[in-house]
Amino acid sequence: MGRVAVVLVGIVPEVKLLLGALESIKNAEGFSTQGLSIMLKIFSVLVVGSVCGDICRDNGENAVAGVVELSSKLTAFACALPVMTAVLSLAASFLNVS
């Protein structure tokens, strides 16, 4: 338990730095908070899937770990579809401008 506390105390400055960077991105002129929200959801899904996969592997359930990680990647892909379609439509609009 003591090691966990030491690790958590060690990463606090990095977490503060990350949160500050996210806040500056959110406050940037013309930046959509919806895009930031989607990115954070995708990141959260991938982290939770990875942790769950590691827990399954630690308990000897390698097949379940693979399924959990694959499902988290597919969920992240599904969350990213609106962003990808927006980027592709933006690229298409740039290409059609003559």
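The buried residues of helix H2, where buried means under 20% relative accessible area with a 1.4 Å probe and protein chains only, are Leu-36, Ile-38, Ile-42, Gly-49, Gly-53 and Cys-56. The model is a predicted one, in which local features need pLDDT of at least 70 and side-chain atom pairs count only at pLDDT 80 or more, while totals for chains, interfaces and linings use all residues. Residues are numbered from 1 along each chain as its sequence is written, and side-chain values use heavy atoms, with hydrogens and water left out.

Helix H2 runs over residues 33-58 and has 26 residues, and from its first C-alpha to its last it reaches 37 Å, close to the 38 Å expected at 1.5 Å a residue, the expected span being 1.5 Å times one less than the number of residues in the helix. Just after H2, Gly-60 adopts a positive phi of about 80°.

Within H2 lies Gly-49, which counts as buried because its relative accessibility is 4%. Leaving aside residues up to four places away in sequence, Gly-49 touches Val-68, Glu-69 and Ser-72, a contact being heavy atoms within 4.5 Å. Gly-49 and Glu-14, by comparison, are 35 residues apart in sequence and 22 Å apart in space, C-alpha to C-alpha.

Taken as a whole, the chain has three helices and zero strands, where helices (H or I, at least four residues) and strands (E, at least two) are DSSP runs numbered from the N terminus, and its pattern along the sequence is α-α-α. Its radius of gyration, taken over C-alpha atoms, is 18 Å, well over the 13 Å that the globule rule gives for 98 residues, so the chain is more spread out than a compact globule; that rule is 2.2 Å times the number of residues to the power 0.38. The C-alpha trace spans about 60 × 35 × 15 Å along its principal axes.

Buried residues make up 11% of the 98 residues in the chain. Among contacts between residues at least 6 apart in sequence, 34% join residues at least 24 apart. The accessible surface, from the Shrake-Rupley method with a 1.4 Å probe, comes to about 7,600 Å², of which 72% belongs to carbon and sulfur atoms.

Note on methods. Buried means under 20% relative accessible area, exposed over 50%, partly exposed in between (1.4 Å probe, protein chains only).
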